[in-house]
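User: Please walk me through the salt bridges here. Keep it brisk.

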Amino acid sequence: MKLSALYPGTFDPITLGHEDLVRRAARLFDKVVVAIARDTGGKVPMFTFDERVAMAEEALAEHENVEIRGYSGLTVEHARKHGHQVIVRGLRAVSDFEYEFQLANMNRALTEDVETVFLTPTDKYTYISSTLVREVATLGGDVSGFVSPKVNDALLREVGRS
């Protein structure tokens with residue numbers, strides 16, 4: 001049986017931490033779909049949906065068993081509908097666990113056809129989040145060590161420092 005995993009998120013923007021999790025998930029699963037959420041749960045993204053998809057495609061192009069796809073609606077329903085057996089979620093710190101545990105249990109209550117697997121990032125990426133990257137970039141900080149060069153260029157353009 002081929003295992004297909006869905007790695008969902010807003011990826012606003014995709015970071016080296018995300019790339020690390022995708023790289024490791026791609027070794028574990030036959031196929032990994034990085035699912036870019038069109039619905040952002042009330043968050044106002046810095047980048048448009050199409051920009052977020054394009055940045056993810058660029059950053060993850062080297063992975064043969066990784067596909068980028070946009071989606072709307074419930075993540076677990078999207079996973080079930082498209083035959084993904086697993087949802088991959090990242091845990092950076094203990095503070096992430098409570099929310100992710102609650103989300104995994106809600107997903108299990110909605111369907112037993114999809115399991116949630118948690119991966120932790122490599123140590124050097126544990127403190128990186130899209131939110132912090134956006135904030136640092138907006139305040140004039142150098143985020144080139146946290147995102148790919150193309151994403152860094154997009155951030156610089158977006159905050160008007162290109």
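**Salt bridges**

Asp-20 and Arg-23 sit three residues apart in helix H1 (residues 16-28), so about one helical turn separates them. Helices are DSSP runs of H or I with at least four residues, numbered from the N terminus. This is a predicted model, where local features need pLDDT of at least 70, side-chain atom pairs count only at pLDDT 80 or more, and totals for chains, interfaces and linings use all residues. Residues are numbered from 1 along each chain as its sequence is written, and side-chain values use heavy atoms, leaving out hydrogens and water.

User: How many salt bridges does the structure hold?

Analyst: A salt bridge puts a side-chain nitrogen of Lys or Arg within 4 Å of a carboxyl oxygen of Asp or Glu. By that criterion, the number of salt bridges is eight.

User: Is Asp-20 buried or exposed?

Analyst: Buried means under 20% relative accessible area, exposed over 50%, and partly exposed in between (1.4 Å probe, protein chains only). Its salt-bridge partner Arg-23, at 3.9 Å N to O, is partly exposed at 31%. Asp-20 has a relative accessible area of 4%, so Asp-20 is buried.

User: Which residues are linked with Asp-20 in a network of salt bridges?

Analyst: Asp-20 pairs with Arg-23 through their side chains. The network joins Asp-20 to Arg-23 and Arg-24.

User: What is the N to O distance between Asp-96 and Arg-92?

Analyst: Asp-96 is buried at 16% relative accessibility. Arg-92 is partly exposed at 38%. The closest N and O atoms of this salt bridge are apart by 3.6 Å.

User: Which residue forms a salt bridge with Glu-67?

Analyst: Glu-67 is partly exposed, with a relative accessible area of 28%. The closest N and O atoms are 2.8 Å apart, and the partner is Arg-69.

Conventions
Helix = DSSP H or I, 4+ residues; strand = E, 2+ residues; numbered from the N terminus.
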